[in-house]
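Here is a short tour of one chain, written for someone who likes the cut-offs spelled out. Take a look at the model before reading on.

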Amino acid sequence: LPKKSNKSQKLTMAKKTKKFVWKNSKAKALLKEDFVEGLLPLEEEDMTPEQVFLSRPEYSSTDWKLFQARMRGLRTSVKSSLKDSADDAADLAHDRLLYPESEFEIDGSYKWHGSVAETLLKED
């Protein structure tokens, strides 16, 4: 009998031991999207991890015990990002009150972006 090569043994082992990777998973992307769009509440009191897990079939590809911890971490991350985004928007609005955006480029020519001419051209 011919011996199997080590390479083919490694490939079959790799197939058997292939693990679910959360980092780039569809489940993580959907969960994050649902939190950002407000489809899922950011507060755990409003919807339990079990309810979230059962809300989409894509989440079932993850281990339930790991899903709970990963969801909590993602909730915290999304909350922080949304808060930072709101703070940035408020800061920019404040700065624009103090220093309105100029109508002119550095060389003295009119800016195109946001100009009346751009608006009229888009209407045509």
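How many salt bridges does the count come to? With a salt bridge taken as a side-chain nitrogen of Lys or Arg within 4 Å of a carboxyl oxygen of Asp or Glu, the count comes to six. In one of them, Arg72 and Glu44 meet at 3.4 Å, N to O. Arg72 sits in helix 4 and Glu44 in the loop between helix 2 and helix 3 (49-55), so 28 residues separate these distant parts of the chain.

A word on conventions: this is a predicted model, where local features need pLDDT of at least 70, side-chain atom pairs count only at pLDDT 80 or more, and totals for chains, interfaces and linings use all residues. Residues are numbered from 1 along each chain as its sequence is written, and side-chain values use heavy atoms, leaving out hydrogens and water.Helices here are DSSP runs (H or I, at least four residues), numbered from the N terminus. The mean pLDDT (the predictor's confidence in each residue, from 0 to 100) is 84 for the chain, and 85% of its residues reach 70 or more.

| Element | Mean pLDDT among the elements |
|---|---|
| helix 1 (residues 6-16) | 46, the lowest |
| helix 4 | 95, the highest |

Over residues 8-16, pLDDT stays under 50, and the model has one contact (heavy atoms within 4.5 Å) beyond four places in sequence for them.

Now to the packing. The axes (lines fitted to C-alpha atoms over the stretch in contact, with angles from 0 to 180 degrees between N-to-C directions) of helix 2 (residues 26-37) and helix 4 (residues 64-98) come within 10 Å and cross at roughly 45°. Lys28, Leu31, Lys32, Phe35 and Val36 of helix 2 make the contact with Phe67, Met71, Leu74, Arg75 and Val78 of helix 4.

Note on methods:
Helix = DSSP H or I, 4+ residues; strand = E, 2+ residues; numbered from the N terminus.
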